[in-house]
Amino acid sequence: MEIAHTPREDSANAGNAPWTRQEFEAQLNARGAGYHIHHPFNVRMNSGACSPEEIRHWVRNRYYYQICIPRKDAAILANMPDRTHRRLWIERILDHDGYGDYQGSAAGGMQAWTRLGEAVGIPHEELWSLRGVAPAVRFACDAYVNFASKAPWQEAVCSSLTEMFAPQIHKDRLASWPMHYPWIEPEGLAYFRSRIPLAGRDVAHGLQVTLDHFTTREAQHRALDILQFKLDILWTMLDAIEKVCLDPDRTPKGLS
């Protein structure tokens with residue numbers, strides 16, 4: 001997967017010296033301006049303007065992203081030569097796939113998302129069938145998994161740093177959905193609640209890897225390009241979801 005490059009200063013320019021760790025981290029955080037929390041569909045959803053079917057369409061499509069996350073993380077894990085990093089990274093897979101008998105808090109993110117689906121009126125068999133997932137959502141998610149499997153592991157780790165911006169989007173849903181969508185069973189919102197502390201843990205590791213690895217100005221720009229690539233994936237997914245909501249006749253039928 002080729003990633004577009006941002007404009008660079010002339011390499012002979014004195015301004016091409018690497019940013020300090022603090023400056024580099026600030027540059028990464030600044031990319032939050034392009035996070036999908038600002039997408040018009042997400043803004044509309046959190047303001048209570050979505051219909052029940054639009055909420056269900058979003059849940060169906062985001063489930064495809066959920067099932068791609070552990071595949072993405074397994075691809076990164078396979079490319080990690082260092083045991084210490086692997087021991088930390090494997091927690092991400094278990095967070096989504098679950099532990100043991102899939103009961104209670106050990107059920108994992110995918111099971112929690114299934115509960116969200118049921119809370120909005122999607123039987124789990126329907127959700128798991130992947131019927132109604134927009135082709136563009138599939139393409140975007142598959143591109144992310146493909147990138148993670150082929151890129152140097154440090155670059156794939158960097159792509160996960162959209163998690164820096166995730167806690168706020170979960171907090172917004174927890175604050176606004178019970179008010180705007182009282183028809184959604186409250187226990188279905190557990191996924192959003194569980195991701196807030198996990199995102200903080202994961203960001204600490206991913207940020208350390210990124211700050212340690214991308215230590216020249218050229219490399220730091222590369223990291224920003226990678227983070228933008230992931231931001232674009234998330235934004236594109238909402239573009240596709242919104243398009244179907246505006247034109248219900250475009251809803252994919254019979255996908256599996």
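Where does L130 lie? It lies in the loop between α6 (124-129) and α7 (135-150). I'll come back to that residue.

First, the ground rules. This is a predicted model, so local features need pLDDT of at least 70 and side-chain atom pairs count only at pLDDT 80 or more, while totals for chains, interfaces and linings use all residues. Residues are numbered from 1 along each chain as its sequence is written, and side-chain values use heavy atoms, with hydrogens and water left out.

Now the overall picture. The protein has 11 helices and 0 strands. Helices here are DSSP runs of H or I, at least four residues, and strands are runs of E, at least two, numbered from the N terminus. Along the sequence the pattern reads α-α-α-α-α-α-α-α-α-α-α. Of the 256 residues, 52% are buried. Buried means under 20% relative accessible area; exposed is over 50%, and partly exposed is in between, with a 1.4 Å probe and protein chains only. Next, contacts, meaning heavy atoms within 4.5 Å. Take those between residues at least 6 apart in sequence: 80% join residues at least 24 apart.

On to helix packing. Two packed helices are described by the angle between their axes and the distance between the axes. Axes are lines fitted to C-alpha atoms, for helices over the stretch in contact, and angles run from 0 to 180 degrees between N-to-C directions.

Start with α1 (residues 21-30) and α11 (residues 217-246). They pack at about 20°, with axes 10 Å apart. That makes α1 roughly parallel to α11. The cut-offs: under 35 degrees is roughly parallel, over 145 roughly antiparallel, 65 to 115 roughly perpendicular, and the rest oblique. The crossing of α1 and α11 is right-handed. On handedness, a crossing is left-handed if the near helix is turned anticlockwise from the far one by less than a right angle, and right-handed if clockwise. Who makes the contact? From α1, it is F24, Q27 and L28; from α11, Q220, A223, L224 and L227. By class, that contact has 5 nonpolar, 2 polar and no charged residues. Nonpolar covers Ala, Val, Leu, Ile, Met, Phe, Trp, Tyr, Cys and Pro; charged covers Asp, Glu, Lys and Arg; the others, Gly among them, are polar.

Let me zoom in on L224. This residue sits in helix α11. L224 has a relative accessible area of 2%, so it is buried. Leaving out residues up to four places away in sequence, L224 touches W19, Q27, L28 and R31. The C-alpha atoms of L224 and C158 are 8.7 Å apart, although 66 residues separate the two along the chain.

On the α7 side we have A136, V137, A140, C141, A143, Y144 and F147; they meet I226, F229, K230, I233, M237, A240 and I241 in α11. The class count is 13 nonpolar, no polar and 1 charged.

Now the aromatics. The structure holds 11 aromatic pairs. Rings of Phe, Tyr and Trp (its six-membered ring) pair if their centres lie within 6.5 Å; planes under 30 degrees apart are stacked, over 60 edge-to-face, and the rest tilted. W19 and F24 form a stacked pair, 6.4 Å centre to centre, with 20° between the planes. W19 is buried at 16% relative accessible area, and F24 is buried at 1%.

Then W58 and W113. Their ring centres are 5.5 Å apart and their planes are at 50°, so this pair is tilted. It links distant parts of the chain: W58 is in helix α3 (residues 52-78) and W113 in helix α5 (residues 109-119), 55 residues apart. Both W58 and W113 are buried. Ring pairs also join W58 and W113 with W177, Y181, W183, Y191 and F192 in a cluster.

D95 is buried, at 11% relative accessible area. Beyond residues up to four places away in sequence, D95 touches G108, G109, R195, L198, R201 and D202.

Back to L130, as promised. Most residues other than glycine have a negative phi. L130 is not a glycine, yet its phi is positive, about 65°. L130 is also buried, with a relative accessible area of 13%.
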